[in-house]
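Subject: Structure for you to look at

Hello,

Here is the structure I said I would pass on. Please open it next to this email and follow along.

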Amino acid sequence: MVIWMSNTMKEADHIDYACLKKKAAEGKFSHDNISHSLLTLMESQSKVYDPKLDIFDSCRTLPLPQEQK
């Protein structure tokens, strides 16, 4: 998976891009991570979402607005 985020998107989604790059360099992601990761980027809520499979979850500096409700 290739991802590019504008600075605005990184800020809005509270993504620490250095953390994300470090995790990507470890090479521990697989196709299992794609759908769970994209759900939060699209601000979708789903019963099947698993934060352990979301590549962005552990690199967020703050919870997403929908998670603060």
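Which residue just after α3 takes a positive phi? That residue is Glu 43, with a phi of about 55°. Keep in mind that the model is predicted.

Next, the helix α3 itself. Its buried residues include Asn 33, His 36, Ser 37, Leu 39, Thr 40 and Leu 41. Part of what covers the buried residues of α3 is α1.

Helix α1 covers residues 7-12, and Asn 7 lies in it. Asn 7 is exposed, because its relative accessible area is 53% and the cut-off for exposed is over 50%. From Asn 7 to Tyr 17 there are 10 residues in sequence, and their C-alpha atoms lie 9.6 Å apart in space.

Then the cysteines. The count of disulfides comes to one. It joins Cys 19 to Cys 59, with an S to S distance of 2.1 Å. The disulfide is left-handed, because the torsion about the S-S bond of Cys 19 and Cys 59 is about -70°. As a reminder, a disulfide is a covalent bond between the sulfur atoms of two cysteines.

Are the two cysteines, Cys 19 and Cys 59, buried or partly exposed? Cys 19 has a relative accessibility of 23%, so it counts as partly exposed. Cys 59 is buried, with a relative accessible area of 2%.

Regards

Note on methods. Residues numbered from 1 in each chain as written. Predicted model: local features only at pLDDT ≥ 70, side-chain atom pairs only at ≥ 80, totals over all residues. Heavy atoms only, no water. Disulfide = S-S within 2.5 Å. Buried < 20%, exposed > 50% of the residue type's maximum accessible area, 1.4 Å probe, protein only. Helix = DSSP H or I, 4+ residues; strand = E, 2+ residues; numbered from the N terminus. Contact = heavy atoms within 4.5 Å.
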